[in-house]
Amino acid sequence: MRILTLLISGLLGATLLAGPAQAAPVPTGKAALTQNPLYKTGEFDWTECVELDRRPDDLNSYQLYLDHLLDCLDRSWSEEFAQAGLKFSKPKVRYITKSVATGCGKYPINYAAGLYCPVNKTMWVAISKWQLADPDEFTLFNVIAHEYGHYAQDRAGILPAAMRLQKKAPKARQYAIQRQVELQAECFASAFIGSVWHSLGREEFDFQDLMDLTYGDVLHGKTKNIRYWMKRGWDGNGPKVCNTFTAPASRVS
Ligand SMILES: [Zn+2]
């Protein structure tokens, strides 16, 4: 009898773990923003993600460093998408040190640290002179985690739904939607960073420093709100705490 019970629970367990045989369709419209399946997944796996050593002004060591972080992000996000029942594959990434055409316009390297282009599903990460000179800096980690957040939004139907809404909206509303997109990507990034922090060998104040260095604008939200979503992601460790689309207006201003 005991064996039978074990067998049955084993079978049940296997069925539950296997998840749906077919991936669910990517959600569209308002539901994609407010009730996305990504908000029902668990925390990111408590996984190891060491930072590889970088050497000053050695671009190759920086590319290896970022490639390794990308592997960690692939692993953690694949798991979330599997839990959400959504299809997933790895994003494309390009590291750049000067202005280039991205498929979403020419990328001005001094304007932003990274960019995600939904047209070619590619993340563009700019490595600047000061970052190359300082192999202990932590901003690139945040940039790649943030742009990966936009890719996750794209795959989960959030980005297409937001862009569609923006098309018909007046300017102020377009900005408001953009802030919800950006604050969510920042929350996703911090949630991931929080989940691997234990393996990085950094002190907590590095993340505090990062928050202190972050300032807002009309497209990314007020400074206090960016820090609010960073902290929320960091404490929550998963995408489910990052629903900026049902948050009070004062949290996404
Ligand atoms: Zn962004």
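1. Ground rules. This is a predicted model, so local features need pLDDT of at least 70 and side-chain atom pairs count only at pLDDT 80 or more, while totals for chains, interfaces and linings use all residues. Residues are numbered from 1 along each chain as its sequence is written, and side-chain values use heavy atoms, with hydrogens and water left out.

2. Overall layout. You have 9 helices and 5 strands in the chain (helices are DSSP runs of H or I with at least four residues, strands are E runs of at least two, both numbered from the N terminus). Reading from the N terminus, the order is α-α-α-β-β-β-β-β-α-α-α-α-α-α.

3. Of the 253 residues, 49% are buried (buried is under 20% relative accessible area, exposed is over 50%, partly exposed is in between, with a 1.4 Å probe and protein chains only). The chain exposes about 13100 Å², with carbon and sulfur atoms supplying 58% of that (Shrake-Rupley areas with a 1.4 Å probe; for residues, only the protein chains shown count as cover). Among contacts with a separation of 6 or more, 70% are between residues 24 or more positions apart (contact means heavy atoms within 4.5 Å).

4. The zinc site. Three residues coordinate the zinc ion: His146 and His150, each through NE2, and Glu182 through OE, at 2.0 to 2.1 Å. Donors here are N, O and S atoms within 2.8 Å of the metal (3.2 Å for Na, K and Ca), and water is not among the atoms, so sites may look incomplete. Along the chain the donor spacing reads H-x3-H-x31-E. Why are His146 and His150 separated by about one helical turn? Because they sit 4 residues apart in helix α5. Both histidines, His146 and His150, are buried.

5. Helix α3 against helix α5. Two packed helices are described by the angle between their axes and the distance between the axes. For α3 (residues 59–84) and α5 (residues 139–155), the angle is about 35 degrees and the axes are 10 Å apart. The axes are lines fitted to C-alpha atoms, for helices over the stretch in contact, and angles run from 0 to 180 degrees between N-to-C directions. On the α3 side the contact includes Tyr62, Leu66, Leu73, Trp77 and Phe81, and on the α5 side the residues include Phe141, Ile144, Tyr148 and Arg155. By class, this contact has 14 nonpolar, no polar and 2 charged residues (nonpolar is Ala, Val, Leu, Ile, Met, Phe, Trp, Tyr, Cys and Pro; charged is Asp, Glu, Lys and Arg; the others, Gly among them, are polar).

6. Helix α7 against helix α9. Here α7 (residues 171–196) and α9 (residues 223–236) cross at roughly 35 degrees, and their axes come within 7 Å. Leu183, Glu186, Cys187, Ser190, Ala191, Ile193 and Gly194 from α7 meet Asn225, Ile226, Trp229, Met230, Gly233 and Trp234 from α9.

7. Arg179. This arginine lies in α7 and counts as buried, at 14% relative accessibility. Its contacts, not counting residues up to four places away in sequence, are Val218, Leu219, His220, Gly221, Val252 and Ser253. Arg179 and Asn225 are 46 residues apart in sequence, with 9.9 Å between their C-alpha atoms.

8. Gln131. Look for Gln131 in helix α4 (residues 129–133), where this residue counts as buried at 4% relative accessibility. Leaving aside neighbours within four places, Gln131 is in contact with Tyr62, Ala126, Glu137, Thr139 and Leu140. Gln131 and Asp57 are 74 residues apart in sequence but 8.7 Å apart in space, C-alpha to C-alpha.

9. Positive phi. Asp57 has phi near 60 degrees, a positive value in a residue other than glycine. Asp57 sits in the loop between α2 (29–34) and α3, and at 58% relative accessibility this residue counts as exposed. Asn237 also has phi near 60 degrees, and lies in the segment after α9. Is Asn237 buried or exposed? Asn237 is buried, with a relative accessible area of 11%.
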